[in-house]
Amino acid sequence: MVIATRLISKADEAKKQKVFVALGEDFFEKPAKSRNKLNSIILFTLTALTFYIIGYLVQQRTSESLPTTFQWKTPKYTIQTTEEFLDWRDKGIVGPVKDQGKCNASHAFAISSSIESMYAKATNGSLLSFSEQQLIDCDDHGFKGCEEQPAINAVSYFIFHGIETEADYPYAGKENGKCTFDSTKSKIQLKDAEFVVSNETQGKELVTNYGPAFFTMRAPPSLYDYKIGIYNPSIEECTSTHEIRSMVIVGYGIEGVQKYWIVKGSFGTSWGEQGYMKLARDVNACAMADFITVPTEFK
């Protein structure tokens, strides 16, 4: 996992270290079988804690004043995929485009869509529709309701809790005011995810190797008016808004010299190209590359 160490303070690192010490202080005195079990508990707890801390820091970062520029940063890692075309829709692991309606919860749709693809890839194309409403009603980490959040904030919830299907926990288009999650109906539970920070080259590697990844970006008015072509908003457009939206990268391509992401929205099929858009790649459009995340394991 590529950890966003530049965003984690020394205090946060100290907290993580305390958790590790508390769980692992007797590690070497236990027999091998117990150590393996304890090791799994430690890794699971640290994974969940990492995403909780990252979610908290991203929340703080989102509420801060907007940067004056969104410049592409030189990749720290040099591993690259030579192919320039990939569309996971052709592999049969991308579910239908949904419509969030008036409930501003694209983060719930983005992470559930990515989990759907992860599950389909792991089960040879068995596509299930997972519940967005569960996250809207039940996220106990302070990010629930019809209020846009960076999608990475939701990872820790799905690591600690199972996920019901859309059929068992249907979408209401509003916060129900009561969480009705039933663990006996849980289909899967997220175990781990990979993410990269401000690096679209590595983001491409994630999408290639694992599947559809979700992200959050600034959302200028022109985003909602998008119809066709490669969307490449100006810095002025991006810095003029505090609105954010989360979407899913389902592939990538190139037209001439312009590289793009194939992005799935949650605004219905009347938006963009049947619910999809081509978003300019390798320019960090509206800070979309701040956190590119893909679920990788479930249990």
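How many bridges pair strand 7 with strand 8, and in which sense? The points below start there.

1. **Strand 7 and strand 8.** This is a predicted model. In it, strand 7 and strand 8 (residues 276–280) run antiparallel and pair over five bridges. V263 sits opposite M277 of strand 8.

2. **Strand 7 and strand 6.** Strand 7 also pairs with strand 6 (residues 244–255). The sense is again antiparallel, and seven bridges join the two strands.

3. **Cover on strand 7.** Is strand 7 mostly covered or mostly open? Strand 7 spans residues 258–264 and is mostly covered. Five of its seven residues are buried. For the protein chain, 51% of the 299 residues count as buried.

4. **The nonpolar core.** Nonpolar side chains tend to be buried together in soluble globular proteins. Here the largest nonpolar core has 65 residues. Those touching the most other members are F215, M247, L279 and M288. Helix 3 (residues 106–122) gives this core its largest share, seven residues.

5. **M247 as a meeting point.** Which residues does M247 contact, once neighbours within four places in sequence are set aside? Its partners include A110, A213, F214, F215, M217 and L223.

6. Rolling a probe the size of a water molecule over the atoms shows where empty space is left. The count comes to one cavity of 30 Å³ or more. The largest cavity has a volume of about 90 Å³. Its lining holds 15 residues. Nearest its centre lie F109, S113, K264, G265 and S266.

7. **What the lining is made of.** Which helix gives the most to the lining of the largest cavity? Helix 3 does, with six residues. Strand 6 and helix 3 each supply at least two. By class, the lining has five nonpolar, six polar and four charged residues.

8. **The whole chain.** The protein chain has eight helices and nine strands. Take its contacts between residues at least 6 apart in sequence: 77% of them join residues at least 24 apart.

Methods: Residues are numbered from 1 along each chain as its sequence is written. This is a predicted model: local features need pLDDT of at least 70, side-chain atom pairs count only at pLDDT 80 or more; totals for chains, interfaces and linings use all residues. Side-chain values use heavy atoms; hydrogens and water are left out. Buried means under 20% relative accessible area, exposed over 50%, partly exposed in between (1.4 Å probe, protein chains only). Helices (H or I, at least four residues) and strands (E, at least two) are DSSP runs, numbered from the N terminus. Two strands pair if DSSP finds at least two bridges between them. A nonpolar core is a set of buried Ala, Val, Leu, Ile, Met, Phe, Trp, Tyr and Cys residues joined through side-chain atoms within 4.5 Å. Contact means heavy atoms within 4.5 Å. On a 1 Å grid over the protein atoms alone, a cavity is a set of points where a 1.4 Å probe fits but cannot get out, and a pocket is an open set with protein on both sides within 12 Å along at least five of seven lines; lining residues have an atom within 4 Å of a point. Grid points are joined across faces, edges and corners, and a volume is the space filled by probe spheres set on the points. Ala, Val, Leu, Ile, Met, Phe, Trp, Tyr, Cys and Pro count as nonpolar, Asp, Glu, Lys and Arg as charged, and the others, Gly among them, as polar.
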